[in-house]
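Please look over the sequence and the model below before reading on.

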Amino acid sequence: MKARAWLGGLVVLLIAIGAGAYVFRGEIATRIFERAARQAVGENLRAELPDGLHAAFCGTGSPLPDRTRAGPCLAIIAGQHLFVFDAGDGASETLQLMGVQQSEIEVLFLTHLHSDHIDGLDTVTLQHWASGASREQLNVIGPTGAARVVGGLNEAYAIDQSYRLAHHGPEVMPPSGAGMHATEFAIPLADGEELELWNRDGVRIVTFRVTHTPTDAVGYRIEYAGRSITISGDTSRSESLAQAAQGTDLLVHEAISPRLDAIMHEASQAAGRENVGAIFNDILDYHTSPEDAGHVAQQAHVGALALTHFLPQTPIPGLTDTFVQAAKSTYDGPVFAMRDGDVISLPRTGGMLRSNHLRF
């Protein structure tokens with residue numbers, strides 16, 4: 001009887017605690033938020049990482065909707081330098097959640113001008129200005145046409161910028177830091193031809209053409225402290241990419257699954273959405289299958305292959321394994337299916353580390 005009474009009392013106590021927690025859940029949540037906010041606002045991913053070359057995946061999605069993936073975006077931390085490659089929808093938010101200080105972005109490089117690679121530029125530009133009282137515009141470097149995109153976005157957000165300046169004042173929002181400016185380059189024409197875009201403080205960045213017809217598209221190779229990362233951008237299987245990626249520590253490559261794409265094509269046709277079905281058919285010829293991405297990685301003798309820009313979207317857990325296993329059939333090194341918030345680190349001292357840095 002005493003044991004039953006003790007258990008009954010414990011149950012009552014637990015119920016009372018639960019009821020109290022429910023009643024005060026708002027205050028409890030606020031206190032938790034307060035602690036988390038203090039930690040998050042003060043964090044700086046660049047300062048946390050060891051000296052070396054790091055790939056921070058701020059967007060692993062594609063034009064297709066996926067709640068777990070922002071549009072294409074990759075931040076590269078090379079020593080004390082921070083660069084971003086492409087800025088799809090949601091990229092800025094993911095950068096914030098990773099603790100990447102957007103006011104520290106030195107250059108935002110564009111691989112090409114498809115909408116899903118530029119439709120987050122506006123938000124990154126605002127955060128570059130506002131989050132650190134930047135006095136210089138965001139520097140955007142990309143293929144011919146980048147200046148037109150930048151000019152259009154500057155005009156589209158000119159009214160917004162004037163409102164923010166009037167509200168916060170020039171100390172918080174320096175007028176000279178509003179918006180962005182563009183530097184264009186002509187895409188190298190020949191396989192094996194590179195164009196050097198950055199070379200200082202031991203960091204070297206070159207660009208090279210890839211095959212994404214009819215789009216003018218490029219990839220990039222970043223080198224620092226004896227480590228290297230090569231970015232495919234959007235491309236079909238590309239010989240120029242294989243040449244540029246020779247011996248790179250990490251190849252970041254887009255991927256489309258023909259098997260999953262066929263499922264989407266058939267579903268669209270069955271639903272009478274023939275235009276959507278035609279698009280799923282058309283995109284196969286200017287993206288790269290995981291098998292072909294693996295072939296490129298094998299041909300280039302890369303240290304590891306990181307798959308991103310997943311087509312179709314991958315809303316079901318385990319679905320990215322379809323991509324990984326396909327790539328492993330042609331490449332005998334490590335293959336990673338990247339998630340938003342993932343960071344692959346290449347420390348100066350050697351080795352490779354993978355972690356995730358989403359804060360909330």
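Predicted model: local features only at pLDDT ≥ 70, side-chain atom pairs only at ≥ 80, totals over all residues.

Residues are numbered from 1 along each chain as its sequence is written, and side-chain values use heavy atoms, with hydrogens and water left out.

**The interior**

In soluble globular proteins, nonpolar side chains tend to be buried together. A nonpolar core is a set of buried Ala, Val, Leu, Ile, Met, Phe, Trp, Tyr and Cys residues joined through side-chain atoms within 4.5 Å, where buried means under 20% relative accessible area, exposed means over 50% and partly exposed means in between, with a 1.4 Å probe and protein chains only. The largest nonpolar core here has 30 residues, and those with the most contacts inside it include Ile-76, Phe-83 and Leu-250. Strand S9, residues 218-224, gives the most to this core, with 4 residues; strands (E, at least two residues) and helices (H or I, at least four) are DSSP runs numbered from the N terminus. Another core, of 28 residues, lies apart from it and has Ala-75, Leu-108, Met-180 and Val-343 among its members. If contact means heavy atoms within 4.5 Å, then the residues that Ile-76 touches, leaving aside those up to four places away in sequence, include Leu-53, Phe-85, Ile-222 and Ile-231.

The structure also holds 1 cavity of 30 Å³ or more. On a 1 Å grid over the protein atoms alone, a cavity is a set of points where a 1.4 Å probe fits but cannot get out, and lining residues have an atom within 4 Å of a point; grid points are joined across faces, edges and corners, and the volume is the space filled by probe spheres set on the points. About 170 Å³ of space lies in the largest cavity, and of the 19 residues that line it, Pro-72, Cys-73, Asp-86, Ile-231 and Thr-308 lie nearest its centre.

**Helix H7**

Helix H7, residues 146-156, has Ala-146, Val-149, Val-150 and Leu-153 buried. Seen down the axis of H7, these buried residues fall within an arc of 95°, so they line one face of the helix; the arc is that of the directions from the helix axis to the C-beta atoms. They pack against helix H5 (115-118), helix H6 (121-130), strand S5 (138-143) and strand S6 (180-185), whereas Arg-148 and Glu-155, on the other side of H7, are exposed.

**Residues in loops**

One joins Thr-213 and Pro-214, with omega about 10°, and Pro-214 is in the loop between strand S8 (203-209) and S9. Another runs from Leu-311 to Pro-312, with omega near -10°, and Pro-312 lies in the loop between S12 and helix H13 (320-328). Ser-257, which is in the loop between S11 and helix H10 (258-270), touches both Leu-311 and Pro-312, among others.

| Residue | Relative accessibility | Class |
|---|---|---|
| Ser-257 | 3% | buried |
| Ala-225 | 22% | partly exposed |
| Pro-175 | 48% | partly exposed |
| Asp-201 | 58% | exposed |

Asp-201, in the loop between strand S7 (195-200) and S8, has a positive phi of about 55° although it is not a glycine.

Note on methods
1 Å grid on protein atoms, 1.4 Å probe; cavity = no way out; pocket = protein on both sides within 12 Å on 5 of 7 lines; lining within 4 Å.
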